[in-house]
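Have the structure open as you read.

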Amino acid sequence: MRLGTSDALGISQPIPSFMQHPFVKRFSFLVSGLFAVAASTMTSHAITVVNGDFESAFLAGWSGGGPDQQYITPGQTGQGLEIGGLGGAIPNSIHQVIDGFTVNNCYTISFALASQWAGGSGAQAELSFLSGSPTAASIFTAPAVAGFGQWMTFSYNFMASSSSVDVQFKEILNGFDDVAIDNVSISGGSCCSLPDGGMTIAMLGLGLGGIAAARRKLS
Ligand SMILES: [Ca+2]
Ligand SMILES: [Ca+2]
C-alpha cells in the first residue's frame, strides 16, 4: 500500500505533512495500517427504509401484506400501519429487503408501536431478520392504551451479514389486540457493542501501541 496515492478504500488523498517525518516514513506500514483501521471504524452508509414512516401509499416499500391484512391508523406522527388487521390478533406480517449494509457491521433499528384494543397487556410485534443478519428475533410490547392512543419507541441492535437485510415485523397473539407500527428507521454502521467492534478497537490500540514501542526503540 502506497501512502499518498490512494488508501485501502481506493480514494486518492493528499499526503499529510506529518507523513514526511522520518520516523513516520520508516514505520509507514504501521501508520497506514492504523489509517485503514480508523477508516473502517468511521465508514458509515446511509440506510434507507422505504416508507418507514408509512406516510406514502398503503404498504409502499413493504411486502407480505395486503388489503384486509393491514390498515392505516393514526400514527406516532401522521399515519401508522396496523400490522394484524381484520378482526384482531391475526398474525399477519410485513417485511422489507433493505440495502446498503456493510457486512459484519452493527446497526440499530428503531420503531414505534401502539395497541388497538388494549384488551390485555398490550399488543405485541415480533421483529425478525428473514435474511442478511444472524441476530435473533425479539418481541416488543406496545403500551396497553386503546385506540393507538400511546406510542412507544423501541430500539434493537443487529449485525448485518449481507449488504441486504430482510426485516420483518409480525403481529404476535397477545389477547384480542392488534399492533400498529410507525417510524421505522435504521442508523449505525459500526460495531461498537458487538464482538467485532471490540476487536476493531483492540486492533486500533495495538496499532498505537506498536508505534509507541517503535518510538521508544528509536530514542
Ligand atoms: Ca407516520
Ligand atoms: Ca384490528
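## Starting with one pair

Ala125 sits opposite Phe140 in β6. (Strands are DSSP runs of E, at least two residues, and helices runs of H or I, at least four, numbered from the N terminus.) β5 and β6 pair in the antiparallel sense over four bridges; strands count as paired if DSSP finds at least two bridges between them.

A quick note on the source: this is a predicted model, where local features need pLDDT of at least 70, side-chain atom pairs count only at pLDDT 80 or more, and totals for chains, interfaces and linings use all residues. Residues are numbered from 1 along each chain as its sequence is written, while chains are lettered from A and ligands numbered from 1 in the order in which they are written.

## The open sheet

Where does that pair of strands belong? Four strands make an open, antiparallel sheet in the order β3-β8-β5-β6. β3 and β6 (138-141) are the edge strands, each pairing on one side only.

Now for the other pairings. β5 pairs with β8 over seven bridges, and Leu127 has Phe169 in β8 as its bridge partner. β3 and β8 also pair over seven bridges, with Ile98 opposite Val165 in β8.

## The core

Ala125 turns up again among the residues touching the most other members of the largest nonpolar core, which has 34 residues. Such a core is a set of buried Ala, Val, Leu, Ile, Met, Phe, Trp, Tyr and Cys residues joined through C-beta atoms within 7 Å; buried means 20 or more other C-beta atoms within 10 Å of a residue's own, exposed 12 or fewer, and partly exposed in between, with C-beta atoms placed from the backbone. β4 gives the largest share of this core, seven residues.
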